[in-house]
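Hello,

Please have a look at the model first and then read on.

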Amino acid sequence: MAAAATRLISRLTLVTGGGSGIGRAVCQRFASEGASVVVADISEESANETLGSLQGDLRGQGHMAGVVDVSSKESITKLVTSIQTRYFQPPSVCVNAAGITRDDFLLNMTEEEFDKVIQVNLKGSFLVTQAVAQALVACGAPKGSIVTVGSIVGKVGNVGQANYAASKAGVEGLTRTAAKELSRFGIRCNCVLPGFISTPMTDKVPEKVITKMKSLVPMGRMGEPAEVADVCAFLASDDSRYITGASVEVTGGLFIG
Ligand SMILES: NC(=O)c1ccc[n+]([C@@H]2O[C@H](COP(=O)([O-])OP(=O)(O)OC[C@H]3O[C@@H](n4cnc5c(N)ncnc54)[C@H](O)[C@@H]3O)[C@@H](O)[C@H]2O)c1
């Protein structure tokens with residue numbers, strides 16, 4: 001990474017899935033750019049671990065960890081209330097990075113496996129986006145950036161991931177619609193579409209599949225969480241002030257056609 005910019009000084013940012021992988025890297029990148037970061041995750045332990053890794057010596061910075069289940073509206077409401085109680089404002093930057101997989105071939109996939117992935121990845125992104133946008137609009141001076149982590153798989157499909165691919169295609173439609181509706185409040189909404197990134201999620205993938213996937217990536221390697229976080233920081237910052245409703249692929253060229 002190039003020398004840290006300070007584009008996010010005095011920005012309050014919320015990162016779901018902040019306890020691991022891409023979400024953790026986003027928290028670290030945002031903190032290094034001066035943001036105050038709310039690390040939100042279903043795992044309190046992981047969220048606290050990320051919190052402990054954040055740089056916090058820039059002007060006005062104060063981070064916190066919060067437990068949230070993004071598939072529960074009640075849980076999100078509690079989190080947003082606790083953020084407003086602590087900071088007296090809603091987050092103006094939000095990254096939806098919480099996500100899960102429950103892989104199975106379509107012919108075998110259970111209804112439960114399908115529903116669970118949709119609830120966390122798609123409904124969770126909807127609920128968090130809605131709660132943050134509502135809080136921003138209610139505070140009367142809205143200006144914000146909401147970034148949702150989709151996947152290249154949402155565009156091209158992937159064997160064993162009917163549920164996941166559907167959820168990730170869904171977040172792009174959600175994001176484009178949110179972009180259209182929320183532009184008049186100064187809130188931008190964009191997606192990043194990672195390809196194959198080295199995180200605990202992909203640690204579960206069998207070695208022979210990893211080798212095969214790598215051979216398909218023009219850049220010849222998996223991506224690092226920090227490489228996705230760099231794009232999230234750009235989309236969060238005013239450097240992307242005329243970008244909304246976009247999906248940015250971070251894939252090393254995987255599936256460019
Ligand atoms: N790793 C990849 O190759 C890759 C590729 C494309 C997209 N993505 C997406 O990037 C995002 C982050 O994935 P990752 O690879 O860092 O995975 P990860 O498993 O390392 O991290 C996901 C985090 O989300 C949290 N989480 C799970 N369910 C939650 C819930 N209901 N509420 C709140 N938090 C919850 C987990 O506790 C975990 O900390 C996901 O949306 C994933 O679909 C990852």
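The end C-alpha atoms of residues 11-197 lie 27 Å apart, and this span is 48% helix and 18% strand. Helices (H or I, at least four residues) and strands (E, at least two) are DSSP runs, numbered from the N terminus. The UniProt record, an unreviewed entry, places the feature "domain: Ketoreductase" at residues 11-197; UniProt positions are given in the numbering used here, feature names are shortened, and annotations may be inferred rather than shown by experiment.

Two remarks on the source. Residues are numbered from 1 along each chain as its sequence is written. Please keep in mind that this is a predicted model: local features need pLDDT of at least 70, side-chain atom pairs count only at pLDDT 80 or more, and totals for chains, interfaces and linings use all residues.

Now to the sheet. Seven strands form an open sheet with parallel pairing, in the order β3-β2-β1-β4-β5-β6-β7; two strands pair if DSSP finds at least two bridges between them. At the edges are β3 (64-67) and β7 (247-250), each of which pairs on one side only. From one strand to the next, the twist averages 20 degrees. Strand β2 (residues 36-41) pairs with β3 in the parallel sense over four bridges, and A40 stands opposite G66 in β3.

Which strands does helix α1 touch? Helix α1 (residues 21-32) packs on the sheet against β1 (12-16), β2, β4 (93-96), β5 (144-149) and β6 (187-194), and its direction makes about 165 degrees with that of β1. Axes are lines fitted to C-alpha atoms, for helices over the stretch in contact, and angles run from 0 to 180 degrees between N-to-C directions. Helix α9 (residues 225-236) also packs on the sheet, touching β1, β4, β5, β6 and β7, with its direction at about 165 degrees to that of β6.

These two helices meet as well: α1 and α9 pack at an angle of about 55 degrees, with their axes 8 Å apart. That angle makes α1 oblique to α9, because angles under 35 degrees count as roughly parallel, over 145 as roughly antiparallel, 65 to 115 as roughly perpendicular and the rest as oblique. The crossing of α1 and α9 is right-handed (left-handed if the near helix is turned anticlockwise from the far one by less than a right angle, right-handed if clockwise). Residues in the contact include I22, V26 and F30 of α1 and V228, C232 and A236 of α9; residues are in contact if their C-beta atoms, placed from the backbone, lie within 7 Å. The contact of α1 with α9 divides into eleven nonpolar, one polar and three charged residues (Ala, Val, Leu, Ile, Met, Phe, Trp, Tyr, Cys and Pro count as nonpolar, Asp, Glu, Lys and Arg as charged, and the others, Gly among them, as polar).

Another helix pair is α4 (residues 111-138) and α6 (residues 162-182), packed at about 15 degrees with their axes 9 Å apart. That makes α4 roughly parallel to α6, and the crossing is right-handed.

Happy exploring!

Methods. Two residues are in contact if their C-beta atoms, placed from the backbone, lie within 7 Å.
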